[in-house]
Amino acid sequence: MAQGVQGEAGAPLSAQDLRTAPHRRRKEALVMRLFQAFAALSVVVSALIILSLVGKAFGFISAVDLGNLWSEGWFPRRNLFDIKTIFAGTMVISLIAMIVATPLGLGAALYLSEYAAPRVRKIVKPVLEVLAGIPSVVLGVFALTWISPQLIQRLLSGAELFNMAAAGIAVGVLVTPLVASVAEDAFRAVPMPLREASYGLGARKRSTSLKIVFPAAISGVVAALIIGISRAIGETMVVAIAAGAKGGSLFTVDPTGPGQTMTGAMASLAIGSDQVRGADLAFPSLFFVGFLLFLITLVLNVASERFVRRVRQRY
Amino acid sequence: MATTVTGPSPTDVVLKSLRGSKVDVKSRLFEAALLFALSISLLFLVVLLADVLVGGIGVFTDRGMGFLTADLSSLPNIAGVSQGIVGSFLMMFFVVGLAFPSGIGAAIYLEEYAKDTPLNRFLIVNIRNLAGVPSIVFGLLGLAIFVQALEGFTGGRSMIAGGITLAVLVLPIVIITASEALRAVPESIREAGFGVGATRWEVVRHHVLPIAAPGILTGTVLSLSRALGETAPIVLVGAVTGFLATGDQSFAEQLRGPFVALPTTIFNWASLPQAEFRANTKAAIIVLLGVILVANALAIFLRNRYERKW
């Protein structure tokens, strides 16, 4: 006669007997709820960001004379809030930054992933991380005291000390390690057999890198560049220190002169915060610009996330 | 009898005939261009460090450690960074006390407990997006919520408001790095724990966390140094206008009072027109970079020392 598994009282063992003691189960549930609450905290943060930005930005829009949003310049103290001025400034700085960061970041990434000996990689990667860890306020000072006088003013005669080119280059230096790191991950995610097939057909390392690895990793490269642009647009301290135009700016796209970006405008509004409280609309305009900035970077980040996921799915 | 091979080995002969005798100029140039791109980035780092050292070291040779203990002043030759150091140091307590436990807790939930439901996927997407939000926007959050809405608790433009803002800023970074560390722990460790009847929390507490600890520690140190260098958010919360409240008030009053931090001191001095403050600015940068670089080097060392391959 077959003997079944028996519980304590001789009755057949059920799932009930295998459950752990009640106090352990209670503790287990409690711990899980606690961690769940911590995870939910991030949603609260997002909600608070959106809530405070939308509320105050809406207050600004309903109070401001809409004609002042499209005027000759950005002068919050005089109630002139020309969006295109600060948007143009942001575009100029980000464009210069990406002109610097795209070749430097992608070149460094391709070198590290395809050419560098493991020993070199092991040394260079941490150094790039150090560069990534340098606070933006330090790069701002560097832009003002070295990049502007030693590079820009020597190369472009007539450039002022405070200029958007120096700020743009410094932002580019800041963004380069980020671009390099995301792009390198993408290059390294390309499977080895693809390279081996290329070598097997007699291709050189250069052709393999450019015609096999690079196209295979193109989604990751695009993601790296989008993340770079998003970071450049949101960069504040470099612009606040080195791009000048603290009180306000006329519409300009001249990189050799001072200019105002969205983030720079916010920083200078915040510094003069005590006076700003008197100038009724200047303070809420801070939140309006912040809201625009938030939307732009959000769209860019979501887009880059899509591209990153595409790389992961393929291999 | 063994034959001894003399002259070029067969491999060399084959390789030579395959390669031909021509030097491949284009390939060499391409490799050089890539190396150049990498070197330029590193060169910027070297020039930056040299520029800061040359510009700021004079302050230390003239005044010794006096620069570290002197208060803020409008006179460049007696101005120092003591308030900035104290302010930055105090704000780090908020980051350590608020962002670390909740960030690591959230990471444990997402990696160990959460099933693949739409809600949990939304949590992850939300955290990723939060990590990409520009730091100045966190400053606006601090200004609207911690300075204005919660003024009764924080005391307005105060150390508490600044500290909480920084804690919120690094929260997504802590969650992401801690998640990565937890994910690196092999599944077999957990299964072994479950196999001997441990509950999920017991497995996490006794097996997963100890193994993931070095990785989590690295991430937290990196986010701490990020918080230390962040300027824009605390400028918005009000660090530039205030001087650090010190002296006769109680500690609680000091926390609810105006504040400065090391990076905002740098920003403040960099905006001053007097040339003498240039040296002070760079000396303050030496102090800030010193702290951050030591912290980062420590984190990278920890990671390389304790990194385990499974």
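This is a predicted model: local features need pLDDT of at least 70, side-chain atom pairs count only at pLDDT 80 or more; totals for chains, interfaces and linings use all residues.
Leu49(B) counts as partly exposed because 18 C-beta neighbours fall inside 10 Å; on this scale, 20 or more other C-beta atoms within 10 Å make a residue buried, 12 or fewer make it exposed, and anything in between is partly exposed, with C-beta atoms placed from the backbone. Leu49(B) belongs to helix α2 of chain B, where helices are DSSP runs of H or I with at least four residues, strands are runs of E with at least two, and numbering starts at the N terminus. Although Leu49(B) and Ile286(B) are 237 residues apart along the chain, their C-alpha atoms are separated by 8.7 Å.

Residues are numbered from 1 along each chain as its sequence is written, and chains are lettered from A and ligands numbered from 1 in the order in which they are written.

Let us stay with helix α2 of chain B for a moment and look across to the other chain. Contact between the chains involves 70 residues of chain B and 73 residues of chain A, two residues being in contact if their C-beta atoms, placed from the backbone, lie within 7 Å. Helix α2 (residues 25–63) gives the most to chain B's side of this contact, with 18 residues. Sorted by class, that side of chain B has 47 nonpolar, 16 polar and 7 charged residues. Here Ala, Val, Leu, Ile, Met, Phe, Trp, Tyr, Cys and Pro count as nonpolar, Asp, Glu, Lys and Arg as charged, and the others, Gly among them, as polar.

Now zoom out to chain B as a whole. Chain B has 14 helices and 0 strands. Its C-alpha trace spans about 95 × 65 × 35 Å along the principal axes. The radius of gyration of chain B is 26 Å, whereas a compact globule of 310 residues would have one near 19 Å; the radius is taken over C-alpha atoms, and the globule rule is 2.2 Å times the number of residues to the power 0.38. Of the 310 residues in chain B, 45% are buried. Among its contacts between residues at least 6 apart in sequence, 75% join residues at least 24 apart.

Lys115(B) sits in the loop between α4 (82–113) and α5 (118–132). Lys115(B) counts as exposed because it has 6 C-beta neighbours inside 10 Å. From Lys115(B) to Leu288(B), 173 residues away along the chain, the C-alpha separation is 42 Å.

Chain A has 13 helices and 3 strands. Its C-alpha atoms fill a box of roughly 100 × 65 × 30 Å along the principal axes. For 315 residues, a compact globule would have a radius of gyration near 20 Å, but chain A has 27 Å. Buried residues make up 48% of chain A. Of the contacts in chain A with a separation of 6 or more, 77% are between residues 24 or more positions apart.

Start before the helices, at Ser14(A), which is found in the segment ahead of α1 (15–18). Ser14(A) is exposed because 10 other C-beta atoms lie within 10 Å. Ser14(A) and Met164(A), 150 residues apart in sequence, are 74 Å apart in space, C-alpha to C-alpha.

From there, move to a helix pair in chain A. The axes of α3 (residues 83–115) and α6 (residues 164–189) come within 5 Å and cross at roughly 35°, with axes being lines fitted to C-alpha atoms over the stretch in contact and angles running from 0 to 180 degrees between N-to-C directions. The contact of α3(A) with α6(A) has 24 nonpolar, 6 polar and 3 charged residues.

Val175(A) lies in helix α6 of chain A. Val175(A) is buried because it has 28 other C-beta atoms within 10 Å. Leaving out residues up to four places away in sequence, Val175(A) touches Ala97(A), Ala101(A), Gly228(A), Arg231(A) and Ala232(A). Val175(A) and Thr102(A) are 73 residues apart in sequence and 9.2 Å apart in space, C-alpha to C-alpha.
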